[in-house]
Amino acid sequence: FFGGLFITFDKIPKGWYWFSWTSFLRYSWGAMMLNQFAGEENGELPIFYGDGGEPMNILQFYGIEGKIMGSIGACLGLLSGIIGFFALMGMLGLKYVRHDKR
């Protein structure tokens, strides 16, 4: 929900903005959008308009720009890191959390 797909990054409430950085959707969807539209003719078309009426392309509208979200490698690297972190937490939980009573 907070990955930027349903609510754009600039419209996410301030208290929940941090949560978007932990979302699988943010990085996988960002990498897919960059792959599809970055450097392509259809990605440069001004099809959206900002709050001030300025024309925006699809990547600008969804906030897929900058050092992290503007790089396919960074998106995939962070996605891999999040997957590894949650997999490790799951394995540690299975190993150390016991619910049996003796």
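Reader: Let's start with charge. How far apart are the mean positions of the positive and negative charges of the protein chain?

Author: Keep in mind that this is a predicted model. The protein chain carries 8 positive and 8 negative charges.

Reader: Okay, and what is the radius of gyration of the protein chain, next to that of a compact globule of 102 residues?

Author: The C-alpha trace spans about 65 × 30 × 20 Å along its principal axes. A compact globule of 102 residues would have a radius of gyration near 13 Å. For the protein chain, the value is 18 Å.

Reader: Which kind of pair do the rings of Trp-18 and Phe-19 make?

Author: The count of aromatic pairs in this model comes to nine. For Trp-18 and Phe-19, the ring centres are 5.6 Å apart and the planes sit at 80°. An angle over 60 degrees puts a pair in one class, so Trp-18 and Phe-19 are edge-to-face.

Reader: And are those two residues buried, partly exposed or exposed?

Author: Trp-18 has 52% relative accessibility, and the cut-off for exposed is over 50%. Phe-19 has a relative accessible area of 34%, which falls between the 20% and 50% limits. So Trp-18 is exposed, and Phe-19 is partly exposed.

Reader: How many residues apart are Phe-24 and Phe-86, and which kind of pair do their rings form?

Author: The ring centres of Phe-24 and Phe-86 are 5.6 Å apart with the planes at 45°, so this pair is tilted. Phe-24 belongs to helix H2 (residues 24-37) and Phe-86 to helix H4 (residues 72-96), so the pair links distant parts of the chain. Both are partly exposed, Phe-24 at 38% and Phe-86 at 40%. The pair is tilted, and the residues are 62 apart.

Reader: Which residues does Ile-58 contact, leaving aside its neighbours within four places in sequence?

Author: Ile-58 is in helix H3 (residues 58-61), and its relative accessible area of 13% makes it buried. Ile-58 and Phe-48 are ten residues apart in sequence, with their C-alpha atoms 6.9 Å apart. Beyond the close neighbours, the contacts of Ile-58 are Met-33, Phe-37, Gly-43, Leu-45, Ile-47 and Phe-48.

Reader: Phe-48 came up there. Which aromatic cluster does Phe-48 belong to?

Author: Phe-48 is one of the contacts of Ile-58. Phe-48 also sits in one aromatic cluster, whose members are Trp-29, Phe-48, Phe-61 and Tyr-62.

Reader: How far apart are the C-alpha atoms of Ser-23 and Leu-79?

Author: Ser-23 is in the loop between helix H1 (17-20) and H2. With a relative accessible area of 13%, Ser-23 is buried. Ser-23 and Leu-79 are 56 residues apart along the chain, and their C-alpha atoms are separated by 8.6 Å.

Reader: What share of the contacts with a separation of 6 or more joins residues 24 or more positions apart?

Author: Phe-24 and Phe-86 have already shown a link between distant parts of the chain. Over the protein chain, among contacts with a separation of 6 or more, residues 24 or more positions apart account for 49%.

Definitions and conventions. Residues are numbered from 1 along each chain as its sequence is written. This is a predicted model: local features need pLDDT of at least 70, side-chain atom pairs count only at pLDDT 80 or more; totals for chains, interfaces and linings use all residues. Side-chain values use heavy atoms; hydrogens and water are left out. The radius of gyration is taken over C-alpha atoms; the globule rule is 2.2 Å times the number of residues to the power 0.38. Contact means heavy atoms within 4.5 Å. Lys and Arg count as positive and Asp and Glu as negative; His and the chain ends are not counted. The place of a charge is taken as NZ of Lys, CZ of Arg, CG of Asp or CD of Glu. Rings of Phe, Tyr and Trp (its six-membered ring) pair if their centres lie within 6.5 Å; planes under 30 degrees apart count as stacked, over 60 as edge-to-face and the rest as tilted. Buried means under 20% relative accessible area, exposed over 50%, partly exposed in between (1.4 Å probe, protein chains only). Helices (H or I, at least four residues) and strands (E, at least two) are DSSP runs, numbered from the N terminus.
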